[in-house]
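I opened this notebook to record what I looked up in the structure. The entries follow in the order in which I made them.

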Amino acid sequence: MNNWVSMYGTDWALGSHGPICSVWIILFGPLVAAAIITLLTSKQKGLSAALSIAAILLSFALSLRLFLLFTLKGIQHIPHVIHWLTIGNSIRIDFGMITDPLALLMLLVVTGVGSAIHVYSLGYMKGDPGFSRYFACLSLFTFSMLGIVIANNFIQMFIFWELVGLSSYLLIGFWFEKPSAAEAGKKAFLVNRVGDFGMMLGILLLWSHAGTFNFVELQQRVPGLNLSVGTTALIGALIFCGAVGKSAQVPLHVWLPDAMEGPTPVSALIHAATMVAAGVYMLCRVSWLILPSAAASTLVASIGGITALMAATIAIAQNDIKRILAYSTLSQLGYMVMAVGLGGPTQAMFHLTMHAFFKALLFLSAGSVIIALHHEQDIWKMGGLWKKMPITSWTFVIAALALAGVPPLSGFYSKDEILFLAYERNHVLFVMAVAAAFLTAYYIGREVFVVFFGKPRDQHAYDHAHESPLVMTGPLLFLALLSVIGGWYSKVPDFLGPPHQAEHHSLLLKLGLIATPLLGFLVAAKVYWKPGPSDAPVKAALGNIWTWVENKYYFDELYAWIVKYIQGTIAAGCDLFDRWILQRLGIGGLSAGTGLLGKTVRLLQTGSIPGYAFLVSLGVTIIIYYMVIR
Amino acid sequence: MITLNHYLFVSGLLFALGIAGVIIRRNALVIYMALEMNLNAANLALIAFSKFNKIVDGQILVFFVIAIAAAEVAVGLAIIVALYRRKQSVSVDELKTMRL
């Protein structure tokens with residue numbers, strides 16, 4: 001009770017409980033908004049949107065205040081825990097918070113980018129019949145995501161982790177009357193469950209050794225446990241499974257491109273900037289668990305590197321404006337995961353932050369294009385839009401340059417940090433990462449040239465295209481500003497931990513890393529910067545490889561095959577067992593036996609009174625025989 | 001010398017005759033008489049025990065049995081009369097409706 005009084009009763013300006021109660025408001029504000037929208041205001045669309053936006057803006061303001069309090073005045077983390085439940089003597093689960101620099105930065109990213117996207121949604125979702133439902137889901141998502149960020153123990157994090165999966169499902173399938181959207185939502189949820197199951201096993205295994213779920217206690221206890229090499233690797237790998245699912249790493253990456261069926265702001269918020277970054281955030285939160293194990297960290301780094309390169313190759317052959325960005329997101333997430341695996345959670349978080357800015361911007365600009373062209377998403381039906389939509393075009397270009405890592409934009413700083421790290425630790429991954437960086441510049445260059453420059457390919461759509469209203473361009477400009485200057489605040493990496501040891505890399509390496517994206521753009525320009533560009537020259541040059549990347553390496557087909565034949569066979573076996581052993585033999589046998597017994601015993605009911613008298617005497621005689629004589 | 005066993009033997013014989021009567025005969029009235037024989041076989045055993053063990057309890061119990069047998073006959077004969085009115089017969093072969 002005392003907690004609640006102190007939360008709401010005292011000052012939340014600068015008092016001793018100030019930062020704490022702000023965190024609870026940051027977390028629960030969006031939930032309250034979601035509840036009110038669902039229960040009360042679903043008919044008043046304007047009010048619903050206002051509530052949702054007000055909630056996230058409040059969260060943003062409070063997060064910013066916490067961040068500034070920490071950076072400027074050094075006000076430290078005050079742990080605040082509500083005891084939630086105890087099971088037996090050993091399992092204690094809290095509902096607590098953690099407000100270390102890592103969480104503060106993530107809070108800022110989620111609420112900051114989230115605010116821009118909430119406002120943008122006002123314009124994008126205008127006139128949609130499910131307007132209120134959309135904002136309720138968005139607020140629910142914000143709540144769940146913030147829950148992951150401030151969770152101070154694994155169980156709490158896992159609960160919010162699943163809540164995030166739920167809100168993602170709701171938002172991907174937002175236009176559920178469209179079968180593809182409903183299917184995509186289901187796919188995302190199921191694929192995520194595969195990863196989450198591994199994570200749950202990891203959490204339980206860790207608990208069975210350490211006896212606590214709390215991050216701080218675990219960090220203190222785990223080094224003293226002397227776990228065997230195998231156990232440590234297994235725990236690390238299992239927990240990494242959660243990140244593989246949520247952050248869409250190979251081999252569970254298949255859900256993310258399909259998730260683009262959701263509204264574009266949702267893609268920007270959930271499937272680019274925040275939720276998919278939750279996996280990386282979780283890895284950073286428990287990096288002390290993974291890094292001591294060489295096997296686990298190599299696994300993490302390799303999966304990240306493979307994802308980065310593979311997704312980048314797929315992206316060069318996609319034709320959907322959002323799907324290219326989706327594969328780009330996969331690739332960038334691969335970078336972050338690789339950075340964690342190589343022992344650089346700081347670099348991973350730095351890139352996560354920058355990526356949130358420019359990738360959200362890319363998606364929002366793409367959304368602006370999609371709205372202008374009345375839900376056309378094929379890039380080969382666009383072209384020359386820069387004349388009609390200057391703000392959208394230029395913000396997209398800025399974000400594209402930032403994504404490719406052109407100095408001095410944000411992506412340059414964060415991506416180079418990761419590349420330097422890879423150069424120091426693992427040369428194979430370094431080469432893969434550089435190749436991915438080249439491809440990144442190439443595919444995003446392709447998208448820019450085809451969509452915004454050249455001649456319009458669909459004259460009718462082009463004539464009707466127009467720049468989006470201020471409510472959409474405003475967030476674009478805000479995010480463009482962040483994409484440009486985000487990396488200049490070089491304290492962001494330092495803020496998270498001990499200052500990065502700036503090793504002196506050779507000038508050649510630095511120049512090479514700057515030249516890589518430029519080279520990518522040059523190649524893209526050579527192919528697509530001309531009247532009537534097409535994929536034909538690249539297709540001819542790559543031959544069979546093109547078929548493979550165009551079909552995403554046949555992952556979906558492979559999984560469909562596995563589900564159809566392997567899982568299908570097992571399911572058929574279970575069905576047979578259920579149908580014949582359990583149903584026919586077990587339940588059917590029991591009922592048939594009872595029936596048979598009944599029919600037999602019924603023969604005694606003759607209705608003949610002397611017969612009954614005989615049986616009674618016989619029975620009594622037998623009883624007496626057994627009782628008296630034996 | 002007549003011992004307890006002699007009494008009990010007669011009692012058992014009487015009881016067996018009663019049971020046999022109940023099972024074999026078809027006339028409800030005769031079955032009734034056979035049943036009375038069963039009760040009196042039990043009474044004989046009780047009195048024999050009472051006499052040889054010098055405890056009066058058995059004789060008291062016999063009075064109860066006689067009283068209850070009288071009541072039972074009243075009810076039973078009423079049932080048989082009712083039965084006769086319905087079926088125009090007192091043969092138990094007519095009473096086969098008590099089955100599934």
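Entry 1, chain B. I treat the model as predicted throughout. Reading along the sequence, I found that chain B follows the pattern α-α-α. I counted three helices and zero strands there. I then looked up the radius of gyration of chain B, which is 17 Å; the globule rule gives 13 Å for 100 residues, so chain B is more spread out than a compact globule. I noted that its C-alpha trace spans about 50 × 25 × 25 Å along the principal axes.

Entry 2, chain A. I found 27 helices and two strands in chain A. Its C-alpha atoms fill a box of roughly 110 × 60 × 55 Å along the principal axes. I noted that 50% of its 630 residues count as buried. Among its contacts between residues at least 6 apart in sequence, 80% join residues at least 24 apart.

I looked up the largest nonpolar core, which has 199 residues; A:Val280, A:Leu283, A:Met338, A:Ala360 and A:Ala433 have the most contacts inside it. I also recorded a second, separate core of six residues, among them B:Ile19, B:Val22, B:Ile31 and B:Val92.

Technical notes: Residues numbered from 1 in each chain as written. Chains lettered and ligands numbered in written order. Predicted model: local features only at pLDDT ≥ 70, side-chain atom pairs only at ≥ 80, totals over all residues. Helix = DSSP H or I, 4+ residues; strand = E, 2+ residues; numbered from the N terminus. Buried ≥ 20, exposed ≤ 12 C-beta atoms within 10 Å, placed from the backbone. Contact = placed C-beta atoms within 7 Å. Core = buried A, V, L, I, M, F, W, Y, C linked by C-beta atoms within 7 Å. Rg over C-alpha atoms; globule rule 2.2 N^0.38 Å.
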